[in-house]
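I opened a notebook for this structure. The entries below record what I looked up and in what order.

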Amino acid sequence: MPKVKSDYPFQPVPFTQVRIQDAFWRKRIETNRGVTIPYDFQKCEETGRIANFDKAAGKLDGPHTGLQFNDSDVFKVIEGAAYALQVQPDPALEAYIDGIITRIAAAQEPDGYLYTARTIDPEHPHETAGPERWSSLTMSHELYNLGHMYEGAVAYYQATGKRAFLDIALRSADLLTQVFGPDGLRDVPGHQEVELGLIRLYHVTGEEKYLNLAKFFLDERGHAHGRELMHAFDNPGYMQDHLPVIDQREAVGHSVRAMYMYAAMADIAGLMGDDAYSSAIKAIWENMVHKKLALTGGIGARHLGEAFGDDYELPNLTAYNETCAAIGSIFWNHRLFLLEGKSIYIDVLERTLYNGFLSGISMEGNTFFYVNPLEADTEFGFNYDNTLERQPWFGCSCCPTNVVRLMPSLPGYIYAQRDDRLYVNLYIGSETTAQLGGQDVQISMETRYPWEGSITLRVEPGGPARFTLALRIPGWVKGLPLPGDLYHYVNDTPEGVTARLNGEPLDWQIEAGYLPVEREWQPGDTVTLHFPMPIRRVIAHPAVADLAGKVALERGPLVYAVEGIDNGGRAIGLSLPDDLLLAIKEQPDLLGGITVIRGGAITAIPYYAWGHRGIHEMAVWLERG
Ligand SMILES: [Zn+2]
């Protein structure tokens with residue numbers, strides 16, 4: 001096994017060191033903390049997800065309830081709650097989670113095995129669990145569950161310093177290191193995730209065996225060492241087991257599995273300096289971004305197998321675009337940035353964050369989209385469980401329990417650092433402190449992004465300090481909706497982008513998508529950026545059959561949609577002539593405060609805000625009249 005080399009060359013400023021103070025995200029994070037986290041726990045109770053642990057511990061009678069991977073939801077909500085606790089202590093919440101951890105501990109078998117779908121009744125395990133341990137990894141999700149447990153356990157340990165959950169995780173992971181490996185069981189998880197969890201355990205313990213096992217699980221994919229390669233839904237790439245991972249070059253198969261796998265591969269590339277891994281994920285990324293990405297950042301075109309489609313297969317009404325896949329794409333793109341320091345990855349991340357991810361959670365914080373299509377009519381049941389509205393929960397509730405993990409960790413995506421260079425990746429009003437030029441430097445950012453493109457950054461070192469601020473210039477500012485040629489703006493890119501230091505214009509020199517400002521900074525120095533935010537018309541590459549003759553609207557990082565309620569009951573098939581004059585209007589009382597786009601009879605709202613006012617048609621792409 002290759003030895004650990006280092007870590008990512010670029011390091012995020014951790015979310016615990018960044019305070020978001022803006023009008024857009026702060027309330028969403030607050031809703032996540034105050035509403036969604038307790039709501040998800042309540043749902044885990046109501047649906048028997050937590051009782052399954054009591055049954056496995058022999059403290060409650062009855063069969064396992066629900067899906068074979070329901071344990072994972074409990075672990076994910078604990079992870080999200082742990083992130084929230086790191087920022088804001090909550091003794092009642094912590095005591096509640098301690099109680100759940102005690103119940104989880106009681107469900108763990110003496111050798112570390114933990115999987116309620118089998119332990120409750122080993123003679124009659126869950127129908128997809130397989131007859132014996134590890135005998136049916138294709139669909140048992142035994143290892144998937146554990147990956148989420150490891151991530152939750154590390155988060156809770158970091159939040160509270162309490163080892164109970166971490167010790168459960170380590171006992172489990174030690175069992176895996178004894179069972180799996182080149183000299184043991186040579187098999188892989190049907191749903192990737194354990195790799196990410198093992199890498200987190202490595203980070204917190206420094207034990208290389210966890211990192212090596214994560215790499216083993218990845219390296220075994222695509223190799224039939226005494227097993228049949230995994231596949232499903234007539235899709236050989238469904239589980240990304242069709243080729244060795246280092247030989248894969250296209251984004252294929254189940255999109256959430258894919259994102260978790262590519263994210264873990266990025267971790268291996270960063271930690272072990274593995275060039276074969278980084279070559280593979282860069283090629284896969286290019287395939288995804290250039291040919292398989294919905295305008296909203298959504299991925300997974302097909303309902304069948306919740307999977308990527310072919311190149312340029314980007315339907316509207318039938319697009320799947322699972323919320324979890326958007327979240328996984330954010331994880332992966334962030335890691336690619338940490339590997340290479342290029343803004344193109346943050347361009348994808350930002351588009352996904354403001355559109356394909358944010359649509360998945362209602363503003364109230366207690367209803368969810370599983371599927372995020374680009375068009376909805378009032379007949380086609382687009383959503384998981386065949387519904388047309390945001391739902392309070394799902395049989396498979398991976399998405400509601402994923403949202404609660406991302407939201408509180410969002411502050412960690414804003415800034416990153418390499419030596420004496422601080423990267424500003426997302427423009428979100430916030431404050432942070434970073435070690436730069438040998439000093440603690442306070443940075444504060446003020447902006448009305450995503451509604452306005454003016455940003456003010458104030459720098460407060462203790463005294464003069466030499467360092468670089470690297471300011472991301474978003475692709476949309478430069479006239480590029482995304483890297484590659486999948487989408488184009490119809491209108492020209494306006495002049496008027498400015499960057500000033502203490503009021504004086506800065507040299508416009510872009511490196512890897514960033515404007516670097518290097519100098520000896522003085523307390524109170526101020527950088528101001530101005531990005532014009534015109535309404536943009538977008539068209540797609542001609543190879544996308546479903547988008548031929550269509551046009552969409554964007555402004556800043558936001559993709560817009562028309563919803564029937566604003567447009568006389570209709571949305572699908574509305575036409576938008578190129579010469580129709582469009583204007584914006586701020587509507588502070590509508591949908592939490594939004595800026596709408598109006599032209600002729602058409603009113604468009606940000607895509608993330610649709611579906612809050614009953615069942616109506618919706619369309620992102622309009623006929624280009
Ligand atoms: Zn999901």
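**Notebook: charged pairs and a metal site**

I began with Asp-578, which counts as partly exposed because its relative accessibility is 36%. The terms I used are buried for under 20% relative accessible area, exposed for over 50% and partly exposed in between, with a 1.4 Å probe and protein chains only. I noted that this is a predicted model, where local features need pLDDT of at least 70 and side-chain atom pairs count only at pLDDT 80 or more, while totals for chains, interfaces and linings use all residues. Residues are numbered from 1 along each chain as its sequence is written, and side-chain values use heavy atoms, with hydrogens and water left out.

I then looked up the partner of Asp-578. It is Arg-624, in a salt bridge whose closest N and O atoms are 2.7 Å apart. Arg-624 sits in the segment after strand S22 (622-623) and Asp-578 in the loop between strand S17 (558-563) and strand S18 (583-587), so the pair links distant parts of the chain, 46 residues apart. Helices (H or I, at least four residues) and strands (E, at least two) are DSSP runs, numbered from the N terminus. Arg-624 is also partly exposed, at 32%.

For a salt bridge I required a side-chain nitrogen of Lys or Arg within 4 Å of a carboxyl oxygen of Asp or Glu. By this rule I have 38 salt bridges.

Next I checked Arg-227 and Asp-187, which form a salt bridge at 3.9 Å, N to O. Arg-227 lies in the loop between helices H10 (208-220) and H11 (255-272), and Asp-187 in the loop between H8 (164-179) and H9 (194-205), so the pair ties together parts 40 residues apart in sequence. Arg-227 is buried at 12% relative accessibility, and Asp-187 is buried at 14%.

I found another salt bridge between Asp-267 and Arg-335, at 2.9 Å, N to O. Asp-267 is in helix H11 and Arg-335 in helix H13 (residues 323-340), 68 residues apart. Both residues are buried.

I also noted a network of salt bridges that links Glu-79, Glu-151, Arg-200 and Arg-405.

Last, I asked which residues coordinate the zinc ion. They are Glu-322 (OE), Cys-324 (SG), Cys-398 (SG) and Cys-399 (SG), at 2.1 to 2.3 Å. Donors are N, O and S atoms within 2.8 Å of the metal (3.2 Å for Na, K and Ca); water is not among the atoms, so sites may look incomplete. The donor residues are spaced E-x1-C-x73-C-C in sequence. The arrangement is tetrahedral because the four donor atoms subtend angles of 95 to 122°; four donors count as tetrahedral if all angles lie between 85 and 135 degrees. Cys-398 is buried at 8% relative accessibility, and Cys-399 is buried at 1%.

Note on methods. Four donors count as tetrahedral if all angles lie between 85 and 135 degrees; four count as square planar and six as octahedral if opposite donors are over 155 degrees apart and all others between 65 and 115; anything else is irregular.
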